[in-house]
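Please show the sequence and the model, and let a reader put some questions about them.

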Amino acid sequence: MTDSFIAPQNRAAWQRLDQLAARPLPHLRELLKEPTRAAGMSINACGITLDFSRQRINDAIDHALLQLAEESHVTAQAHAMFRGDAINATEDRAVLHVALRGAAQANPPWGAAISQEVNAVLDRMLAFADRLYHGQALGHTGHAITDVVNIGIGGSDLGPRMAAHALQHLHSDAVRVHFISNPDAWGLHATLRPLKAETTLFIIASKTFTTQETMTLAQSARQWLLDGGVPEASLHQHLAAVSAAPDKAAALGVDVANVFGFWDWVGGRYSVWSAVGLALAVAIGSKAFREFLAGAHDMDLHFLHAPAAQNMPLRMALLGIWNRNFLHAPSHLIVPYASRLLQFTPFIQQMDMESQGKRTHCDGTRPEVGTGPIVWGGLGIDGQHAYFQLVHQGMHLIPADFIGVREEDTPLPMAAEHQRVVHVNLRAQVQALAQGRDEAATAQMLQAQGLSADEAQRLAPHRSFAGNVPTNVLWLDRLNPSTLGALIALYEHKVFCQSAIWGIHAYDQWGVELGKTMVKALES
């Protein structure tokens with residue numbers, strides 16, 4: 001950040017938004033009556049449709065938000081990232097996870113040399129993954145490996161775990177993939193109890209091979225292999241590693257040929273596209289993994305080249321800024337309505353909250369505006385019977401992203417009926433959150449149900465809903481590797497845009513490092 005940095009609240013567009021926020025808009029139930037609103041507040045890209053018609057904005061707010069993006073130089077900052085400039089200034093690093101899924105393009109902005117390195121690791125990793133996917137990798141007894149256990153934490157676990165669960169319909173019949181992150185002994189024991197050492201392979205994912213949680217699990221896994229009859233000289237047939245420290249991996253018994261590296265410009269929460277995605281590639285095979293990368297690359301191109309008004313990541317970022325800073329919503333809810341996206345919210349929670357949980361501008365000054373929101377949520381229909389009560393009638397304004405999948409591909413006789421129930425619930429919830437129901441309408445409804453006027457009036461305050469809750473609805477045409485890749489990249493770029501507007505560093509995580517430092521101090 002240069003000396004010319006202007007704090008967000010001092011930008012003209014921000015001050016205009018402050019003025020607009022002070023003028024109450026009509027309730028969403030009124031705004032939604034506008035005949036052109038739905039069509040004008042919809043964007044399609046990369047197999048995803050964003051419907052933001054239920055956001056509490058009008059044309060004037062929309063114009064000011066787009067002006068804020070321009071005044072914040074978001075596009076210029078995006079191009080700096082894609083060029084490989086050291087935008088992670090506190091660590092003097094480039095941020096080039098985009099290169100991991102765009103290495104096949106001609107004349108990449110980050111340079112051909114990086115693409116060549118990326119492709120070399122990718123080809124080697126996917127060849128290894130395919131041997132496992134097709135049941136061709138053998139353990140020390142000559143039997144095929146049937147179980148692969150990924151050991152990692154944070155970005156080395158959440159990304160591949162989430163994507164493997166989302167794409168489980170593509171899983172190999174020859175091998176099962178498991179994930180362990182927490183060093184609590186029971187978690188490891190419960191995973192390993194039904195497995196056989198002679199047909200199990202561990203992937204140890206740690207950039208430095210010093211992460212305490214991961215190495216505790218790795219040492220225990222190594223001992224489990226030995227106790228299960230694997231000779232020490234044959235450990236290399238049951239171990240692989242994703243690391244930038246091949247010497248440390250070799251000391252554990254990993255064959256250096258089975259160590260897959262990545263670069264310091266790959267942040268943990270943005271690493272599923274790298275060799276950290278090895279377990280995912282084992283689960284779904286190389287073809288699907290390449291489609292996963294291609295979907296993300298398509299969203300990269302959309303983000304770089306779509307005009308601001310039709311730029312899906314930028315739009316989502318600006319709406320988030322409006323809700324966080326001008327409607328003063330402290331949290332953001334993410335609710336997928338597809339069971340295969342069960343792990344999506346925890347994954348985005350890490351991406352967003354590690355990136356935007358900052359209280360320092362890039363120039364070292366303290367922000368006077370709110371930065372990252374609290375991100376939370378889970379499967380939508382489950383949430384309807386749990387935390388949605390607070391969303392509907394609690395004291396907090398909680399904006400939300402609803403995520404649905406249009407095309408049903410489950411091989412069940414009544415799959416279409418299941419999908420109908422899921423979709424009608426999603427649509428009902430976004431409509432209920434937007435429309436609400438005031439006390440007069442509630443009292444009228446209760447009287448129509450046979451209650452006396454007095455009883456209806458007594459109960460009306462308890463059974464009324466303010467509504468006016470802003471939501472996005474994201475519809476995936478289908479849930480496949482390409483659309484999942486695009487969806488993840490959408491949220492990545494949304495986070496980037498918000499950090500660019502707030503003037504914070506999205507790609508360091510010194511709060512995480514503090515915890516590690518304290519652990520070392522307590523153990524010394």
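The questions below concern the sheet and the salt bridges.

Reader: What should I know about the model before I start?
Author: The model is predicted, so local features need pLDDT of at least 70, side-chain atom pairs count only at pLDDT 80 or more, and totals for chains, interfaces and linings use all residues. Residues are numbered from 1 along each chain as its sequence is written, and side-chain values use heavy atoms, with hydrogens and water left out.

Reader: In what order do the six strands of the open sheet lie?
Author: Strands (E, at least two residues) and helices (H or I, at least four) are DSSP runs, numbered from the N terminus. Two strands pair if DSSP finds at least two bridges between them. The pairing in this open sheet is mixed, and the order of its six strands is β1-β2-β11-β10-β8-β9.

Reader: Why is one side of β1 and of β9 left without a neighbour in the sheet?
Author: Strands of a sheet pair through backbone hydrogen bonds, either parallel or antiparallel. β1 (42–45) and β9 (374–377) stand at the edges, so each has a single partner strand.

Reader: Which residue in β11 is the bridge partner of Val-405?
Author: Strands β10 (residues 400–405) and β11 (residues 471–476) run parallel and are joined by six bridges. In β11, the partner of Val-405 is Leu-476.

Reader: At about what angle to β10 does helix α18 run?
Author: Axes are lines fitted to C-alpha atoms, for helices over the stretch in contact (heavy atoms within 4.5 Å). Angles run from 0 to 180 degrees between N-to-C directions. Helix α18 (residues 415–435) lies across β10 and β11, and its angle to β10 is about 160°.

Reader: How many salt bridges are there?
Author: A salt bridge is a side-chain nitrogen of Lys or Arg within 4 Å of a carboxyl oxygen of Asp or Glu. By this rule the count is 20.

Reader: Are Asp-508 and Lys-358 buried or exposed?
Author: Asp-508 forms a salt bridge with Lys-358, with 3.0 Å between the closest N and O atoms. This pair links distant parts of the chain, 150 residues apart: Asp-508 is in the loop between α21 (481–502) and α22 (510–523), and Lys-358 in the loop between α15 (344–356) and β9. Both Asp-508 and Lys-358 are buried.

Note on methods:
Buried means under 20% relative accessible area, exposed over 50%, partly exposed in between (1.4 Å probe, protein chains only).
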